[in-house]
Amino acid sequence: MLKNKTVVITGSSRGIGRGLAIQFAKEGANIVLNARKEIAPELIEEIESYGVKTHVVLGDIQYMDDAKKLITEAKETFGSIDVLINNAGITRDMLLMRMKEEFDSVINVNLKGTFNTTQQVSSIMLKQKSGTIINMSSVVGLTGNAGQANYAASKAGVIGLTKSVARELASRGITCNAIAPGFIETDMTDVLSDKVKEATVAQIPLKKLGQVEDIARTAVFLATNNYITGQVINVDGGMVMNG
């Protein structure tokens, strides 16, 4: 279902973004990669080994000009944009009382950046009368977390944005959903001590950390189901159970 489709992934140089790019390439989609500084040639080579095309657009999507450049180049290169995955994000953890510019910097990348690319792609998808937008939130956006007021606020904002966009664009056949990862094994979690990892796993009903592939397969599922919209899918081993 995704063969020859165009998938744009922000923040796709490493971690979850990298995993998303590889998974969608396996499904036959052409991939537009984005990062602030560089995309490793090895990643491009791996993606293209699946017989698909890639295009790299460097830029910081917290700035509207960079977001516009990303979406415009993707459309000019491949002719359409079928899936946008807003994955770019940062953390600047700090206790509330000490937080200063760390609040704005996280909100600007995680929330405003998601808004910027979504706004830019919406006109293209509206003309196509089709498209899928997938936003990366977090379980922290649902539960909050000490020392992460900025990150939690940004990811909760992404959920509100997702639901609003889903309502606005649904009449044209465009879906918009969010994925809320729990603790996923990436280079960010690799730096945690064994003690912290053990304490984390103890909070998870399935008693294990998630894998990047768990997020990537969920994104493919959402990209190939046109009757799911406005939803938040928790991929967290059971940490957050709503209902």
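Mentor: Happy to! The largest pocket holds about 1400 Å³ of space. A pocket is an open set of points on a 1 Å grid over the protein atoms alone, where a 1.4 Å probe fits, with protein on both sides within 12 Å along at least five of seven lines. A volume is the space filled by probe spheres set on the points, which are joined across faces, edges and corners.

Trainee: Which residues are the closest to the centre of the largest pocket?

Mentor: Gly-89, Ile-90, Thr-91, Tyr-151 and Met-188 are, out of 48 residues that line the pocket; lining means having an atom within 4 Å of a point. This is a predicted model, where local features need pLDDT of at least 70 and side-chain atom pairs pLDDT 80 or more, while totals for chains, interfaces and linings use all residues. Residues are numbered from 1 along each chain as its sequence is written, and side-chain values use heavy atoms, without hydrogens and water.

Trainee: Which elements each supply at least two residues of that lining?

Mentor: Helix 1 (15-26), strand 2 (30-35), helix 5 (140-143), helix 6 (149-169) and helix 7 (187-190). Helices (H or I, at least four residues) and strands (E, at least two) are DSSP runs, numbered from the N terminus.

Trainee: And what does the second largest pocket look like?

Mentor: Its space is about 300 Å³. It is lined by 16 residues, with Lys-5, Asp-82, Gly-131, Thr-132 and Ala-223 the closest to its centre. Strand 5 (131-136) and helix 9 (212-223) give two or more residues each to this lining.

Trainee: New topic: how do helix 3 and helix 4 cross?

Mentor: The axes of helix 3 (residues 64-78) and helix 4 (residues 101-128) come within 8 Å and cross at roughly 35°. Axes are lines fitted to C-alpha atoms over the stretch in contact, and angles run from 0 to 180 degrees between N-to-C directions.

Trainee: Which residues make the contact?

Mentor: Among them are Met-64, Ala-67 and Leu-70 of helix 3, and Phe-115, Val-121 and Ile-124 of helix 4. Contact means heavy atoms within 4.5 Å.

Trainee: Last one: how many helices and strands does the chain have?

Mentor: Nine helices and seven strands. The C-alpha trace spans about 50 × 35 × 35 Å along its principal axes.
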